[in-house]
Amino acid sequence: MSLLEWKEEFSVGVTEFDGQHKVLIDLINKLHDAMRAGVGRQALSDILSELVEYTKTHFENEEKLFLQYSYPESPAHRREHDALTKQVLEFQKEYHDGRTSISIDVMDFLKDWLVNHIAISDKKYTHFFNEKGIR
Ligand code: FEO
């Protein structure tokens with residue numbers, strides 16, 4: 001069973017970003033499934049890298065649109081992106097150095113963070129961008 005399922009209530013009303021959030025959910029599920037299947041460290045490391053890189057790309061895409069349209073909530077939103085990026089990069093480093101493992105606690109952290117960020121912070125831009133004709 002997947003750790004996390006996409007739900008319509010996660011929609012942020014911008015097709016491009018809904019698509020990217022679905023990819024992030026798929027990657028979190030992929031990491032979770034691989035952890036449960038007991039695959040090797042290198043395979044987990046590869047999926048973790050994919051998740052980190054895609055997260056960074058997604059955040060950059062949102063931030064580009066914020067800048068382009070002078071989205072007023074951008075500073076607070078960017079701080080959330082920066083905080084998560086810092087946390088996952090630190091975790092990735094610890095994992096590479098063999099100082100930690102991918103556990104259910106880590107998976108729960110990623111899942112909860114993503115769901116809360118999408119459901120609260122990302123959803124704040126729906127009205128703003130829809131009004132500009134972006135859907
Ligand atoms: Fe969809 Fe702000 O991350």
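**A polar contact and its surroundings**

Mentor: Let's begin with a pair of side chains: that of Q92 makes a polar contact with that of S49, at 3.3 Å. A polar contact is a pair of N or O atoms within 3.5 Å; within protein, one must be able to donate a hydrogen and the other to accept it, and residues adjacent in sequence count only if both atoms are side-chain atoms. Please keep in mind that this is a predicted model, where local features need pLDDT of at least 70, side-chain atom pairs count only at pLDDT 80 or more, and totals for chains, interfaces and linings use all residues. Residues are numbered from 1 along each chain as its sequence is written, and side-chain values use heavy atoms, with hydrogens and water left out.

Trainee: What is the mean pLDDT of the protein chain?

Mentor: pLDDT is the predictor's confidence in each residue, from 0 to 100. Here 100% of the residues reach 70 or more, and the chain's mean is 96.

Trainee: Is Q92 buried or exposed?

Mentor: Buried means under 20% relative accessible area, exposed over 50%, and partly exposed in between (1.4 Å probe, protein chains only). Q92 has a relative accessible area of 11%, so this residue is buried.

Trainee: Which residues is Q92 in contact with, leaving aside its neighbours within four places in sequence?

Mentor: Contact means heavy atoms within 4.5 Å. Q92 itself lies in helix α3, residues 74-96; helices (H or I, at least four residues) and strands (E, at least two) are DSSP runs, numbered from the N terminus. With those neighbours left aside, the contacts of Q92 are L48, S49 and V52.

Trainee: Where does S70 lie, and is it buried or exposed?

Mentor: S70 sits in the loop between α2 (41-69) and α3. Its phi is positive, near 50°, although S70 is not a glycine. The relative accessibility of S70 is 57%, so it counts as exposed.

Trainee: How far apart are the end C-alpha atoms of helix α1?

Mentor: The expected span of a helix is 1.5 Å times one less than its number of residues. Helix α1 (residues 15-37) has 23 residues, so it should span 33 Å, and this agrees with the distance between its end C-alpha atoms, 33 Å.

Trainee: How many helices and strands does the protein chain have?

Mentor: From the N terminus on, its elements run α-α-α-α-α. The secondary structure therefore comes to five helices and zero strands.
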